[in-house]
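Have a look at it first, then read on.

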Amino acid sequence: MQRINIYYGGRGLIEDPTIYVMNKLTEVLNELNIDVKKYNLYEDKRGISVLPKTLKEADGVILAASVEWLGIGGLLQQFLDACWLYGDRDRIQNLYMFPLVTATAAGEKTAYQTLVQAWEILGGIPCEGICAYVEDYTEFETNPDYALLIEKKAESFYRSFSKKITVFPSSTNSICENVLQPKTMHLTPQESEQLSMYVSDTNYVQKQKEDIEELTSMFKGLLGDDAEETETTPSDISEDPFASFLKEHFQAVTPLHVCYNLQFEDGRILSLEIDNEHLECRNKENPSANVQIKINHQTVKQLMNGEITMHNAFLSGAVSAKGDFKQIRTFDTVFPFQRA
């Protein structure tokens, strides 16, 4: 038995005319001995990434959109994105697609063209579908002429996918085959399907993000620190070699009250609060800092070796800052690292 998959991107509201049209299409196709499987995207938003694998079971698809104010809606767009990233292109090339769009606001033709163009970009075969503006859904559903039109459209779609009717070529298909390719790793259909399953698992994705952040922080620290330097712990600022170096080279300027937040590559923040002759260093952000400075480990080494000043590093783009830029020059006054 042949099978048609319906992917409904609306919100499932009872007054949505798209639901009525889907039901009529299903009735006609069932009478023609076609198995129809409907996927309501709003029921499992997290599972949209794995839906492209269901295309392998289908002989044709119906993409159903409800235009409430603009476009095809986010859920249907997510499904098409998943088809582009994880779908089996060889399988999609043989799939006939019936676009179904009803609108209670303006924009049904634009949404219709979006579905057609998206399916052509994916390499599939779009058929003539249904595009309708519905002012009163009750009148629309009770009009026998509209019901007859829907039945004729369903029968035409049945002839298209069951007999594999040849369609005229499209420039969109040609351009996409030769130019437009997804900027992703080259994966087999099986690998893409497995990847989509991982993507849909939010717990797995979150765990991977945490592991990547932990590894990134660890390797940046290993690459940026000298072998002699000890690991910095938030509980003991005296173990931070840069903080100790700042204290050794601090030269008081009076009167002066300024605070700096230095953010390093590994996410660590060192706050420097200067109150005349007093310098206090903390391994936490000071929300009242006059200037925020982002600095990498290489620039820190250059500062400590007297090869560059903070002001020159800022002008060259080696560090980025926000806040009171005048205090960057003050930093070089109270911490004169540069060699004579």
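## Helix H4

Helix H4 covers residues 108-122, which makes 15 residues, and it reaches 21 Å from its first C-alpha to its last. That is close to the 21 Å expected at 1.5 Å a residue, where the expected span is 1.5 Å times one less than the number of residues. Helices here are DSSP runs of H or I with at least four residues, strands are E runs of at least two, and both are numbered from the N terminus.

Which H4 residues are buried? Among them are Ala-111, Tyr-112, Leu-115, Val-116 and Trp-119. Buried means under 20% relative accessible area, exposed means over 50%, and partly exposed is in between (1.4 Å probe, protein chains only). Just after H4, Gly-123 takes a positive phi of about 100 degrees.

## Where this comes from

This is a predicted model, so local features need pLDDT of at least 70 and side-chain atom pairs count only at pLDDT 80 or more, while totals for chains, interfaces and linings use all residues. Residues are numbered from 1 along each chain as its sequence is written, and side-chain values use heavy atoms, with hydrogens and water left out.

## Salt bridges

Count a salt bridge whenever a side-chain nitrogen of Lys or Arg is within 4 Å of a carboxyl oxygen of Asp or Glu, and you get eight. One of them joins Glu-57 and Arg-3, at 3.2 Å from N to O. This pair links distant parts of the chain, 54 residues apart: Arg-3 is in strand S1, and Glu-57 is in the loop between strands S2 and S3. Glu-57 is partly exposed at 45%, whereas Arg-3 is buried at 17%.

Arg-282 also bridges to Glu-273, with the closest N and O atoms 3.7 Å apart. Lys-24, Glu-27 and Glu-151 are linked in a network of salt bridges.

## Aromatic pairs

The whole structure holds 13 aromatic pairs. Rings of Phe, Tyr and Trp (its six-membered ring) pair if their centres lie within 6.5 Å; planes under 30 degrees apart are stacked, over 60 edge-to-face, and the rest tilted. Tyr-20 and Phe-140 pair edge-to-face, at 5.9 Å centre to centre and 80 degrees between the planes. Tyr-20 lies in helix H1 and Phe-140 in helix H5, so the pair ties together parts that are 120 residues apart in sequence.

Phe-140 is buried at 8%. Phe-140 also forms a tilted pair with Tyr-146, at 5.2 Å and 35 degrees.
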